[in-house]
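Here is a short briefing on one protein chain. Look at the sequence and the structure first, then read the points below.

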Amino acid sequence: MQLLRLPQLFLFNRALQLGFLGIRTPSPSPSRPLLRRKQTLKRHSGTSLSQNVLESVINNMEEATKKRQAVLATHSGKFHCDEVLGMAMLRLLPRYQHAKIVRSRNPSELQEADVVIDVGAVFDPEALRFDHHQREFTEVFGHGGFEKTKLSSAGLVYKFFGKEILKTHFGVSDDETVELLFLRVYENLMESVDAIDNGVQICEGAPKYKIRTDLASRVDRLNPAWNEEGKCEMKAFEEAMVIAREEFEAHVNGLITRWLPAREIVERAVADRKSIHPSGRAILLETSCPFKEHLYEIEKATGLNNTESEILYAVYADRGATESWRVHAVSDPDDGFKSRKFLPARLRGLRDEALSEAAGIPDMIFIHASGFIGGAKTKESALRLVEIALAE
């Protein structure tokens, strides 16, 4: 026998509400739904469920869902990016794929919903209530160092359902990969949605220009205009959900199809770095790919992020060129225009035969005047340039 963990409490709570455990629960008064729900949970908080019983509960809920349409609720009136994206994400879960969406501020209607977001003045994950407008609300993402931005309803949905969405909708099964994606999606998309909804400016002082192409702006434009009559608000909300879903899926799919494969290439290159040079200060990439962001993170994770062991040069085949290799002087993560170690000053700005003669390396093509990158016709010549650069 084992006590329920938080994800299981979600199921246990709904099972109690719907009667799947054979426990009779009183019909809560519209004025006190949260109190009644908590009283019910308190009476059964010591209940232990075996895995077999838990599976039976889940199966019963799934069977009932086929007969009873799940209900997702948010507020009526003008819609915003956070609840639109939150609803779009919930709809990606199999159990809510065909859920009915209710937009209301009526407590009795909200009480009957399976999940309520952005309305109701209650934040209670166990009861599947996710509002963030309360004075006492302080919830942040709390993973991967994201501790400053308060969550919107979209951030709440992502925090508590994001990993499940990555597994069930996008088919990511490896826990380590799920964790990587979970953090990256929050950084690249979700935090900006949270910040905009909570009025957090992107910079200190007045911005130098306006951005009106972000997801929040695109969603906002779908609201009925002040002088527009006859537009169906629910239809507009559903259109906004389509945009939000497409944006979310594009971010995640981009990470899965482009970002993760590049990371794997960089990981292998870092692991094999000493076969390129005994110092371990250079890497050879199997193919050209975005590598710097991955390299910084891998260095930090493996303890290479110090001046004695950080990677100085990356070698890779130039995309689109038949016989060309590049030697890239890795930039400082805090200053993209400053390399950790530029290519030798005596060779900068030289090209072709003049460069080959000065470097003593055949088949050289160029070294940029700033020294951040150089090119050679062969891999062997590129690696020889690395040797010279590391020695000088």
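In which helix does Glu 83 lie? Glu 83 is part of helix H4, residues 81-90; helices (H or I, at least four residues) and strands (E, at least two) are DSSP runs, numbered from the N terminus. This is a predicted model, in which local features need pLDDT of at least 70 and side-chain atom pairs count only at pLDDT 80 or more, while totals for chains, interfaces and linings use all residues. Residues are numbered from 1 along each chain as its sequence is written, and side-chain values use heavy atoms, with hydrogens and water left out.

**Around Glu 83**

- Glu 83 is buried but has no salt bridge. Buried means under 20% relative accessible area, exposed means over 50%, and partly exposed is in between (1.4 Å probe, protein chains only). A salt bridge is a side-chain nitrogen of Lys or Arg within 4 Å of a carboxyl oxygen of Asp or Glu.
- The nearest side chain of opposite charge to Glu 83 is Arg 103, at 5.1 Å. For charge, Lys and Arg count as positive and Asp and Glu as negative; His and the chain ends are not counted.
- The side chain of Glu 83 reaches the backbone nitrogen of His 80 at 2.7 Å.
- Leaving out residues up to four places away in sequence, Glu 83 touches residues including Lys 78, Ile 117, Ser 153 and Phe 237; contact means heavy atoms within 4.5 Å.

**Nonpolar cores**

- In soluble globular proteins, nonpolar side chains tend to be buried together. A nonpolar core is a set of buried Ala, Val, Leu, Ile, Met, Phe, Trp, Tyr and Cys residues joined through side-chain atoms within 4.5 Å.
- The largest nonpolar core has 53 residues, and those that touch the most other members are Leu 85, Met 89, Leu 90, Tyr 96, Tyr 158, Met 190 and Phe 248.
- Elements that give two or more residues to this core include H4, strand E3 (115-117), helix H6 (153-168) and helix H9 (233-271). H9 gives the most, with ten residues.
- Leu 90 is in contact with Leu 72, Tyr 96, Val 115, Ile 117, Val 157 and Phe 161, leaving aside neighbours within four places in sequence.
- A second, separate core has 21 residues, among them Leu 312, Ala 382, Leu 385 and Val 386.

**Salt bridges**

- Side chains of opposite charge can pair when their charged atoms come close. The structure holds 20 salt bridges.
- Lys 78 forms a salt bridge with Asp 220, with the closest N and O atoms 3.2 Å apart. Lys 78 is in the loop between strand E1 (71-74) and H4, and Asp 220 is in helix H8, 142 residues apart.
- Glu 164 and Arg 95 meet in a salt bridge at 2.5 Å, N to O. Glu 164 lies in helix H6 and Arg 95 in the loop between H4 and strand E2 (100-103), so the pair ties together parts that are 69 residues apart in sequence.
- The side chains of Arg 263 and Glu 297 form a salt bridge at 2.8 Å, N to O. Arg 263 is buried, at 9% relative accessible area, whereas Glu 297 is partly exposed at 26%.
- Salt bridges that share partners join Arg 184, Glu 187, Arg 263, Glu 267, Glu 293 and Glu 297 into one network.

**Cysteines**

- How many disulfides does the structure hold? It holds zero disulfides; a disulfide is a pair of cysteine sulfur atoms within 2.5 Å.
- Cys 203 is partly exposed, at 32% relative accessibility, and Cys 289 is buried, at 14%.

Methods
Polar contact = N/O pair within 3.5 Å; in protein donor to acceptor, adjacent residues only side chain to side chain.
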